[in-house]
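Hello,

Here is the structure I promised to pass on to you. Please have a look at it first, and then read my notes below.

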Amino acid sequence: MTSRPKAKDYLKSLSSDIPASIVVFLVALPLCLGIALASGAPLFSGIIAGVVGGIVVGFASRSHLSVSGPAAGLTAIVIAAITTLQSYEVFLVAVVIAGALQMALGFIKAGVIGDYVPNSVIKGMLAAIGLILIIGQIPVLLGDSSTAVPGIQEEPKNMFVALFHSFSEIHPAVVIIGAICLAFHFVWEKFVTGKQGFIKLVPAPLLIVFIAVGLNHLYSLINPSYTLAGGYLVNIPIASSASEFFSFFSMPAWSEAFNTQVWVVAVTIALVASLESLLSIEAVDDLDPYQRVTPTNRELKAQGIGNIISGLIGGLPVTSVIVRSSANVNSGAKTKMSAIYHGAWLLLSVALIPVVLNLIPKTALAAILIFTGYKLAKPVIFKTFYNKGWDQFLPFLITIVVILATDLLKGVIIGIGVGLFFVMRSNFRRAVFVVHDDEKYLFRLRKDVSFLNKAIIKNKLESVPEASKVIIDARRADFIDKDVVEVIEDFMIHAPLKDISVSLQVSSFIDHGFSYKILDVENQEGKLIRTQDKTIQRVKLRPAH
């Protein structure tokens, strides 16, 4: 674990953290609104969650580059919960309880769960989110009128249907702005690579916003009919006074605190949000150029505090989210102050300049998100995992496919299952080594010999021909299942019937459970000794020294 940054470290990183925070702000703004809309919640609830995720979780967490906020992975859960509870205020009670449960998970040190997720699954999750961003934002880039607010659609049917439908709803004016913005993003990325100085600090998304607003203004001068308005622009609620601004916040309906359904929703949110946060943290630490490690138990506590506060003031549940976090990393952020600044920008923007923000064409924000998605799902990532072999490529690929077909949680769980299959398969193959030279057979047991190896060991022992000499070497095995021990002992009992000589070599350091009553130590030369009925073979045990 790395040491905690000091105040002077935060000051030194201002030149990197502030530009990065602006990039994250520009990425977070459309996502906060889009996720709120897709969740069936008030639009402002997404902004509240973004502010809390940035400022509150940012201060409480010890993650250097993670950014928290409303998560696309929770959208399906949230919309179902609001429908079930029939009130957004009642749902807020569940969010507060979920936060308390997350804090409890942190105190019981449940943060280790994320360490058991294979890297191939984490990379698959990142690539899947990147593809979802690309697929979900193409309709916005093309100007499909049915896309009200950009965001990630959780239902794959809606997402793919919207993608195909968007090609029949192309708006030329929107496409021109979106295509120019997207092309500029790629060109600018290549242009600043290797550059130093001020040019490196200028965030491309900020330039893209200026370009998009300028082009739309140019439309109004050249051809007013092309000017984008209404649903093609960002739409943030505007307050005419401070009291009206605070009216956008909601309070939980505490009278329903003991409602069983509320607790079911709370437990669901706590578990899914915790898992998503741990996976995101793992992924962000992997993306961190300095490879710093986040204390996972502290992160669960920070996320819990964030959800308690978000629920108390009317916000959606928050998690650590990889889209904003990856944008933070790619923009050159160095400390957690970037996430905190981004939360402050969200709060100031919706409070002070909502009219200005409402001038931004959504197609420009879609271009930013598509580029972010491309960074997460580059073709070279697929090639890299393919070159690593099927045991890495298949969990990676299956995770992507299942997430696209269902949701993030199911995809990760199935990806982990596929990864475990390959681990078991690898151990299965390496646990038993058999070689023979004429009538001499060597059975070497290595690593962990589980019950899954029972059948192959039994079949190979029984296939040993008569009058052979067998050495069973168990000295290199860390673990031997009792079923396998029984198979070996049974073979040694009836081996004399086929005139087979058996020598069992065991470790003097590990007791694998072989029965010494059956395998008496006899004959210093290790020669075969038979009892009077000539059916029981007593074999000399030869410990490893």
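What follows is a short tour of the pocket, the cysteines and the aromatic residues.

Please keep in mind that this is a predicted model.

Let me start with the largest pocket. The space in the largest pocket comes to about 950 Å³. Its lining is made up of 40 residues, and V329, N330, S331, G332 and K375 are the closest to the centre. Which elements give two or more residues to this lining? They are helix 2 (14-38), helix 6 (119-142), helix 8 (172-192), helix 9 (198-201), helix 10 (204-222), helix 14 (322-330) and helix 17 (362-376). By residue type, the lining of the largest pocket has 24 nonpolar, nine polar and seven charged residues.

Next, the cysteines. You will find zero disulfides in the structure. C32 has a relative accessible area of 0%, so this residue counts as buried. C181 is buried too, because its relative accessible area is also 0%.

Now to the aromatic residues. How many aromatic pairs does a search of the whole structure find? The search gives 20 aromatic pairs. A pair of aromatic rings is described by the distance of the centres and the angle of the planes.

Take Y88 and F91 as one example. Their ring centres are 5.9 Å apart and their planes meet at 35°, so this pair is tilted. Both residues belong to helix 5 (residues 88-107), and because they are three residues apart, about one helical turn separates them. Y88 and F91 are both buried.

A second example is W188 with F191. Here the ring centres lie 5.7 Å apart with the planes at 45°, so this pair is tilted as well. W188 and F191 are both in helix 8, three residues apart, which is about one turn of the helix. Are these two residues buried, or partly exposed? W188 has a relative accessible area of 14%, so W188 is buried. F191 has a relative accessible area of 41%, so F191 is partly exposed.

Finally, please look at the region around F385. F382, F385, Y386, W390, F393 and F396 together make one aromatic cluster. F385, one of the members of that cluster, also has a charge over its ring: the charged end of K388 sits there, 4.6 Å from the ring centre.

I hope this helps you find your way around. Happy exploring!

Best wishes

Key: Residues numbered from 1 in each chain as written. Predicted model: local features only at pLDDT ≥ 70, side-chain atom pairs only at ≥ 80, totals over all residues. Heavy atoms only, no water. 1 Å grid on protein atoms, 1.4 Å probe; cavity = no way out; pocket = protein on both sides within 12 Å on 5 of 7 lines; lining within 4 Å. Points joined across faces, edges and corners; volume = space filled by probe spheres on them. Helix = DSSP H or I, 4+ residues; strand = E, 2+ residues; numbered from the N terminus. Nonpolar A, V, L, I, M, F, W, Y, C, P; charged D, E, K, R; others polar. Disulfide = S-S within 2.5 Å. Buried < 20%, exposed > 50% of the residue type's maximum accessible area, 1.4 Å probe, protein only. Phe/Tyr/Trp six-rings, centres within 6.5 Å; stacked < 30°, edge-to-face > 60°. Lys NZ or Arg CZ within 6 Å of the ring centre and 35° of its normal.
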